[in-house]
Amino acid sequence: MTEAPRDVLDVAAVDTEPVSPTGLAALVGSGDPRSIGKLYIGTSLLFLLVAGVTGVLVGFEQVDVDKPDNVLSADTLAQVYTLHSISGLFLVVLPLLLGIALAVVPLQLGASTVAFPRAAAASYWVFLVGGGLVLTSYAVNGGPFGGEADGVALFVASLVAVLLALCTASVSVATTVVALRAPGMSLRRAPLFSWSMLVATTIWLLTLPVLAGLLVLAYVDLVYGSGFMGGADGLYNQILWVFWQPAVYAFAIPALGIIADIVPVFAQRRLKRHSAAMFLVGLFGALSFGAWAQAGIDTFAADDADLTPWLHDGPWIVVSWAIVLPVLALLGLWSSTLAAGKVKVASPLLFALASGLLLLVGVAAGAATSIDALDLVGSTWMTAQTYAVLLAALTAGFGGLVFWAPKLYGNLLSEATARLVATLLLIGTLVLAVPYAVAGLLDQQRLLAFDTSGIDEVGTVETLNLVSAIGGVVVVVGALLGILAVLGARVGRGTGPGDDPWNGHTLEWATSSPPPVGNFPSLPEITSEAPLYDARHAALRDTTEASA
C-alpha cells in the first residue's frame, strides 16, 4: 500500500473541508429560518421608528382642528399621515409577525427548517429593498398625495414589491404548518400560534394579492393612463379598505395565537378546550376576510353612485357583530384557564393580557361602527378602532419577542423593562384611541377628510386630540424601550436562560436556547398539543408513586 505523505494529507484536508461563510456572505446567503426571522424582526423594528415619529407628528398637527396644517402644508400632512399608516401596517406589524413565525413555527412543529427556505430568504431581501424604496418615494415627494409623478409611481411599484415579499413569506409559513409537522403532531395537535399563522397567512394570501392587483392597475393608470383612478390624490382610497373592518382584523389573527400560547404557560396548566380555541381562531380569521369591502373607483361610477354599497348592508353588519363572539369566547377560555391554574405573573402574560384587552376594544368599536344611527363611518372613531386593533397586534408581537427571546437570541429580555413596555403600550394605546373615538362621536372626520364644518364643540375636540397626541407619545416611548430591550437581549452575554426558562408546554422548549442547526437532536413523543406539559406531569406522577 502506498501512503501519501502527511503534509499532502494535511493540505488535502484543508482544501476539502467545507468552509462556512461568515460576515456579510453568511447574512446574505443564509437559508436558516431563525436568521431570516430575526432579519425580518430587526428591520420591522427599525421601520417602527419611522411609523412612530410620523404618528406623533400627525397627532400634534391635529390638535388645532381649524388649522390642521399649522406646521406642515396640507399635502405634506397628508403624505406624512399615509406614510404613518402604510409603514405601520406593511413595514412593521406584518413583517414583525411573519419574522416571529419564520423563527418559531418550525420549532413548535418539530421541524428542522421552514418550507422553501431560500424563497423565505429571498422574500426578506425583496421586503428590505421594497421597504427602503417606499421611504425613498416619500423623500422625493412621491407616495399618495405626492407632487412628483415618478415618485408616486415608485411608491406604487415598491409597495407591490413589499406585498409580493410578504406573500412569499406567508406561503413559506403556511406550507411549513401543513407539511412539516413532526410525526405524531396532527393538525389538531398543532400549537395555537402555529395554527393562527396558518389561518392568518391563508387570509393574507387571499387579501394582499387583491391590494397588489389594485396597485398594479393604479401604476398603469399613473404611467400610461388618464388618471381614471384619481391619480396621486386618489391612490390612498385604493388602499384604505385594508385599514377598515373587516380587513383590518386579519392582521391581528396571530395575536390570538401568541396570547393562547402564553396564557397556559403562566397559568401553569393546560389550556382548556384546545380544539375549541382552534375553531374560534379559525372563525375569527374567516370573518376577517375583507377584500369584498372596498371602495369603488370614481370614474367607473355615475355621479350619484354609492361607492361603498356594502356599508350598513346586511353582510357587513353581521360580520361586524359576529367577529366579537370568537374574541369574547377566547377571552373566556383564557380567563377560565388562569382561574383554574396557579398564575405566575411575568412580562409575557402582561403583554398577552394587554393585547387581548385592546383587541376586545377594537372589535367592540367595530360593532358600534355598524350602527347606522351613530353615523361613525369616516370619523375618527374608525381611526381609533384601527389603532386599537393594530396596536393589539403590535403588543402581541412584542409579547412574542419577550416570550421566545431565549430561542431567538439565546437570552431573556430585561423583565423590568419588558413589564414597563407592556404597561406603556396598553396605557398609551388607550389614551391614544379613546379620545379619538369620543371626538368621532362629536363628528370629527378622519384627518384626510379635511372637513371640520360638522364639529360643534371645537374646544372639546381639540382637547381630546391633544390627549390622543400625548397617548401617541407614550406608545412611541414604550416601543423605543421595547426595541432597546430586544437589542439588549441580542448583544447580551451571560450564562443564558436555559432550554426552558418558562416551563413551556410545546416543542420549542425541548431544544437548546438558541437551537442548534436542525433544531432538535431528538424529539419527545407527541400525543397531545402540549407534549412537554405531559412529559413534565408524567415525571411528577412517577416520582410521587415511587415515593409512596
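What you see is a predicted model. Keep that in mind throughout.

First, the overall make-up. The chain has 548 residues, and 54% of them are buried. The secondary structure is 17 helices and zero strands. Now contacts. Take those with a separation of 6 or more: 83% of them join residues 24 or more positions apart. The accessible surface is about 21800 Å². Carbon and sulfur atoms account for 64% of that surface.

Next, the inside. The largest nonpolar core holds 172 residues. Which of its residues touch the most other members? They are F90, W204 and I239. Helix α4, residues 74-109, supplies the largest share of this core, with 23 residues.

W204 then contacts L94, L97 and L98, among others. The list also includes S170, M197 and P209. A250, F251 and P254 complete it.

Please find helix α14, residues 380-409; L408 sits in it. Is L408 buried or exposed? Its relative accessible area is 1%, under the 20% cut-off, so L408 counts as buried. What does L408 touch, beyond residues up to four places away in sequence? The partners are R34, K38, I41, A103 and L401. Look at A103 in that set. L408 and A103 are 305 residues apart in sequence. In space, their C-alpha atoms are 7.1 Å apart.

Last topic: empty space. Rolling a probe the size of a water molecule over the atoms shows where such space is left. How many cavities of 30 Å³ or more turn up in the whole structure? The search finds five. The largest cavity has a volume of about 140 Å³. It is lined by 16 residues. Closest to its centre are D261, P264, H505, T506 and E529. Which helix gives the most to this lining? Helix α9, residues 253-267, does, with four residues. By class, the lining of the largest cavity has nine nonpolar residues, three polar and four charged.

To recap. We have 17 helices and zero strands. We have a largest nonpolar core of 172 residues. And we have a largest cavity of about 140 Å³. That's my part done.

How values were computed:
Residues numbered from 1 in each chain as written. Predicted model: local features only at pLDDT ≥ 70, side-chain atom pairs only at ≥ 80, totals over all residues. Heavy atoms only, no water. 1 Å grid on protein atoms, 1.4 Å probe; cavity = no way out; pocket = protein on both sides within 12 Å on 5 of 7 lines; lining within 4 Å. Points joined across faces, edges and corners; volume = space filled by probe spheres on them. Helix = DSSP H or I, 4+ residues; strand = E, 2+ residues; numbered from the N terminus. Nonpolar A, V, L, I, M, F, W, Y, C, P; charged D, E, K, R; others polar. Buried < 20%, exposed > 50% of the residue type's maximum accessible area, 1.4 Å probe, protein only. Contact = heavy atoms within 4.5 Å. Core = buried A, V, L, I, M, F, W, Y, C linked by side-chain atoms within 4.5 Å. Areas by Shrake-Rupley, 256 points an atom, 1.4 Å probe, with all protein chains shown as cover.
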